[in-house]
Amino acid sequence: MRAVPPPVPVAVLVSGGGTNLQALLDALQGSPLARVARVISSRSDAGALDRARRGGVPVTVADPADAGALIAAVGDARLVVLAGYLKRIPAATVARFRWRLINIHPALLPAFGGPGMYGHRVHAAVLGSGAAVSGATVHYVDEEYDRGPILAQWPVPVLPDDTPESLGERVLAVEHQLLPAVVTALAQLGVPERPVRLFARGSTFVTGGEIAVEIR
Ligand code: GRF
C-alpha cells in the first residue's frame with residue numbers, strides 16, 4: 001500500500017484583519033492536501049492573529065525587515081502565502097522561497113498594482129480608469145512589487161453604481177474562493193519549484209457560483 005503524503009504545511013503572512021486567512025482556515029479544515037501550519041504577522045495588533053489563535057494555529061510576530069527572522073518563522077512550511085501582508089519581503093527571503101511564495105491582490109494585475117496600491121486605493125483607481133472589469137489575482141512574489149508571474153485570476157464585473165467599497169466587497173468575496181482553490185491546486189501538484197499557471201474553469205461571470213481553477 002502506498003503511504004498517503006501528509007498535508008502540505010502552509011505559512012500565511014498577514015498584516016490586517018485576515019479575512020483571506022479565515023477563508024484558508026475554513027477551506028483547509030480537515031483537508032488531506034494542505035494545512036495552515038503557522039501564521040506570521042508584521043504587526044502585533046493584526047486582527048488576523050486572533051483568527052489564527054482561534055483556529056489553533058501557532059503565531060509569530062516578525063520584524064518585516066529581518067530576512068533571517070522571516071525565514072526562521074516560516075520554518076519547514078513548504079508554501080508561503082501573503083494574505084494582506086503589507087510589507088515588502090526582503091530579497092533574501094524572496095530568493096529562499098522562490099516559486100513557493102505567493103500573494104493575493106484585489107485587481108487584475110498587471111494593472112492597478114505596485115507600491116502604494118492596496119485596499120481602497122486599488123478599487124478607487126479601477127473605478128477612476130473607467131475599466132469595465134476588475135477581479136482578483138494570485139501571483140508569485142519576486143523582487144518587484146505585484147509583478148511576479150500570475151498563477152490564477154478571476155474577473156469581477158464593475159457595475160454602474162459601484163463605489164470603491166461595493167466593488168471591493170465583491171472582489172474580496174472572490175478572493176476568499178480563489179486563494180484556497182489555488183493553494184489546494186498547488187499542494188496537489190506538490191508545490192513545484194517552477195512557475196505554474198492555473199486556469200479558471202466554468203463561466204467567469206457566474207455570480208454566487210463556485211470558483212474553480214484547473215491544472216492543465
Ligand atoms: C485583500 O484584499 C488582499 O487582496 C490584499 O489585502 C487584503 C487583505 O484582506 N492583499 P484580509 O486581511 O485578508 O481581510
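This is a predicted model: local features need pLDDT of at least 70, side-chain atom pairs count only at pLDDT 80 or more; totals for chains, interfaces and linings use all residues.
1. The ligand site. The shell around the ligand consists of Gly17, Gly18, Thr19, Asn20, Gly84, Ile104, His105, Pro106, Leu172 and Glu175. By residue class, this shell divides into 3 nonpolar, 6 polar and 1 charged. The space that the ligand takes is the largest pocket. Two or more shell residues come from each of α1 (19–28), β5 (101–105) and α6 (164–188).

2. For Ile104, a backbone N or O atom lies 2.9 Å from a nitrogen atom of the ligand. On its own the ligand has 370 Å² of accessible area, and the protein covers 80% of this.

3. Salt bridges. How many salt bridges does the structure hold? The count is 6. One of them joins the side chains of Arg53 and Asp50, with an N to O distance of 3.5 Å. Both residues belong to helix α2 (residues 47–54), where Arg53 and Asp50 are 3 residues apart, about one turn of the helix. Side chains of opposite charge can pair when their charged atoms come close. The distance of 3.5 Å between Arg53 and Asp50 falls within the 4 Å cut-off, so the pair counts as a salt bridge.

4. A cis peptide bond. Is the bond from Leu109 to Pro110 cis or trans? In the model it is cis, with omega near 10 degrees. Pro110 sits in the loop between β5 and α5 (120–129).

5. A positive phi. Phe112 is not a glycine, yet its phi is positive, at about 60 degrees. Phe112 is also placed in the loop between β5 and α5. As background to this point and the previous one, most residues other than glycine have a negative phi, and most peptide bonds are trans. A reader checking the loop between β5 and α5 will find both Pro110 and Phe112 there.

Methods:
Residues are numbered from 1 along each chain as its sequence is written. Side-chain values use heavy atoms; hydrogens and water are left out. A residue is near a molecule or strand if one of its heavy atoms lies within 4 Å of it. A polar contact is a pair of N or O atoms within 3.5 Å; within protein, one must be able to donate a hydrogen and the other to accept it, and residues adjacent in sequence count only if both atoms are side-chain atoms. Accessible areas come from the Shrake-Rupley method with a 1.4 Å probe; for residues, only the protein chains shown count as cover. On a 1 Å grid over the protein atoms alone, a cavity is a set of points where a 1.4 Å probe fits but cannot get out, and a pocket is an open set with protein on both sides within 12 Å along at least five of seven lines; lining residues have an atom within 4 Å of a point. A molecule sits in a cavity or pocket if more than half of its atoms lie within 2 Å of its grid points. Helices (H or I, at least four residues) and strands (E, at least two) are DSSP runs, numbered from the N terminus. Ala, Val, Leu, Ile, Met, Phe, Trp, Tyr, Cys and Pro count as nonpolar, Asp, Glu, Lys and Arg as charged, and the others, Gly among them, as polar.
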